[in-house]
Amino acid sequence: MIEKKHAKLVLIAHDVEPLELIIWMPALCRKLGVPYAIVKNKGRLGTFVNAKKTSCVCLTDVRPEDQTEFDKLLESVKISYNERFSDLRKHWGGLKASHKTMEKARKRKEKAAKK
């Protein structure tokens, strides 16, 4: 559904075991521009679809009378998950030396200044 771009919203449970079942889903949703959200419990997600537990739900169609509420939900999901991804990514390095490296460089300079 996600790959064919039929999905309007994807809900993913956070407590799925093994994690390999759903770990790729947020990346696929970001790549294809499908809004996604991570929900608290697979049991809660299961009650949404009248099942005991489920790992993910893909919403493809919404009743016309619920469309305005769904649009509000989509907007909040896009702000909370999709648009914040670049802010939440961990940036490694950043051309800053660690405290330990800076201390070693300071000691080298002091040693060179004594000579």
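**Overall shape**

Mentor: The protein chain has a radius of gyration of 23 Å, whereas a compact globule of 115 residues would have one near 13 Å. The radius is taken over C-alpha atoms, and the globule rule is 2.2 Å times the number of residues to the power 0.38. This is a predicted model, where local features need pLDDT of at least 70, side-chain atom pairs count only at pLDDT 80 or more, and totals for chains, interfaces and linings use all residues. Residues are numbered from 1 along each chain as its sequence is written, and side-chain values use heavy atoms, leaving out hydrogens and water.

Trainee: What box do the C-alpha atoms fill?

Mentor: Roughly 80 × 30 × 25 Å, taken along the principal axes.

Trainee: How many helices and strands are there?

Mentor: Five helices and three strands, in the order β-α-β-α-β-α-α-α from the N terminus. Helices (H or I, at least four residues) and strands (E, at least two) are DSSP runs, numbered from the N terminus.

Trainee: What share of the residues is buried?

Mentor: Buried residues make up 23% of the 115 in the protein chain. Buried means under 20% relative accessible area, exposed over 50%, and partly exposed in between (1.4 Å probe, protein chains only).

Trainee: Now Val10. Buried or exposed?

Mentor: Val10, in strand S1, is buried because its relative accessible area is 1%.

Trainee: Which residues is Val10 in contact with?

Mentor: Leaving aside neighbours within four places in sequence, the contacts of Val10 include Ile2, Met25, Cys29, Tyr36 and Val57. Contact means heavy atoms within 4.5 Å.

Trainee: And Thr54, where does that lie?

Mentor: Thr54 is in the loop between helix H2 (42-48) and strand S3 (56-59). Thr54 counts as buried because its relative accessibility is 19%. Not counting residues up to four places away in sequence, Thr54 touches Ala13, Lys42, Leu45, Gly46 and Val49.

Trainee: What does the side chain of Thr54 reach?

Mentor: The backbone oxygen of Cys56, at 3.4 Å.

Trainee: Changing topic: is Ile23 buried or exposed?

Mentor: Ile23 counts as exposed because its relative accessibility is 54%. Ile23 sits in the loop between strand S1 (9-13) and helix H1 (25-32).

Methods:
A polar contact is a pair of N or O atoms within 3.5 Å; within protein, one must be able to donate a hydrogen and the other to accept it, and residues adjacent in sequence count only if both atoms are side-chain atoms.
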